[in-house]
Amino acid sequence: MLHVEGEVERPRHFTTQMLAGLPARWHVLEVSQLDPRRRGQAVWLAGLLDTVGVRPQANYLTLHASRDDFHASVPLEAVRERALVIFELDGQPLPPEQGGPFRFLVLDAAACKTAELDECVNVKYVDRLELSAEPGRDNRPTDDRAHAALHSQDEARES
Ligand SMILES: Nc1nc2c(c(=O)[nH]1)N[C@H]1C(S)=C(S)[C@@H](COP(=O)(O)O)O[C@H]1N2
Ligand SMILES: [Mo]
């Protein structure tokens with residue numbers, strides 16, 4: 001389940017099926033056309049936000065993955081028009097090896113640690129999108145060692 005909550009008019013959650021049922025104009029049928037390293041069907045963040053109604057005081061978007069306790073918080077305006085949630089692959093829910101059931105994706109994110117909006121913000125297993133006035137929880141790695149450790153954990157899990 002993907003929850004969208006915080007500074008929104010109508011907090012709600014989505015299942016894979018509910019995402020699939022959103023208007024076609026909010027869907028990207030094959031995300032590899034926008035980012036060749038990713039596959040699957042996605043919905044634009046802007047579409048999700050449209051369904052909940054963003055309050056004017058919402059300045060930050062925080063992505064929560066409770067599965068591995070990973071969190072990232074970014075300025076909403078920076079991602080509003082260029083982020084997606086990937087939710088389906090080959091007609092099935094996105095598998096966990098690909099970061100499913102829901103994976104956040106920012107197009108043209110910078111390389112890790114080079115900017116606030118880096119690839120580390122492509123949160124896997126995201127289960128909650130939280131809008132807030134102030135920055136939210138963020139435990140992305142801040143130095144090389146922490147970052148390398150996180151990636152080796154990732155590889156261990158994926159192999
Ligand atoms: N839930 C979760 N999402 C995560 C991470 C993580 O450890 N947990 N690592 C991040 C980091 S640091 C990077 S660089 C990208 C890597 O994604 P990729 O392996 O698909 O390229 O995922 C990001 N999303
Ligand atoms: Mo990263």
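Predicted model: local features only at pLDDT ≥ 70, side-chain atom pairs only at ≥ 80, totals over all residues.
**View 1. The largest nonpolar core has 34 residues.** Start with L48, L61, L63, F104 and L129, the residues that touch the most other members. With four residues, α2 gives the most.

**View 2. L63 and its contacts.** Once neighbours within four places in sequence are set aside, L63 is in contact with F70, H71, A72, F104, V121, V123, V126, R128 and L129.

**View 3. A second core stands separate, with nine residues.** Look here for V28, A42, L94 and L107, which are among its members.

**View 4. Y125 sits in the loop between β9 and β10.** R67 lies over the face of the Y125 ring, 4.3 Å from its centre. Y125 is not a glycine, yet its phi is positive, near 50°. Is this residue buried or exposed? Y125 is buried, because its relative accessible area is 6%, under the 20% cut-off.

**View 5. D90 occupies the loop between β7 and β8.** D90 also has a positive phi without being glycine, at a value near 50°. With 62% relative accessibility, D90 counts as exposed.

**View 6. A cis peptide bond joins G100 and P101.** Its omega is about 10°. To find the spot, follow the loop between β8 (92-93) and β9, where P101 is located.

Key
Residues numbered from 1 in each chain as written. Chains lettered and ligands numbered in written order. Heavy atoms only, no water. Core = buried A, V, L, I, M, F, W, Y, C linked by side-chain atoms within 4.5 Å. Buried < 20%, exposed > 50% of the residue type's maximum accessible area, 1.4 Å probe, protein only. Helix = DSSP H or I, 4+ residues; strand = E, 2+ residues; numbered from the N terminus. Contact = heavy atoms within 4.5 Å. Lys NZ or Arg CZ within 6 Å of the ring centre and 35° of its normal.
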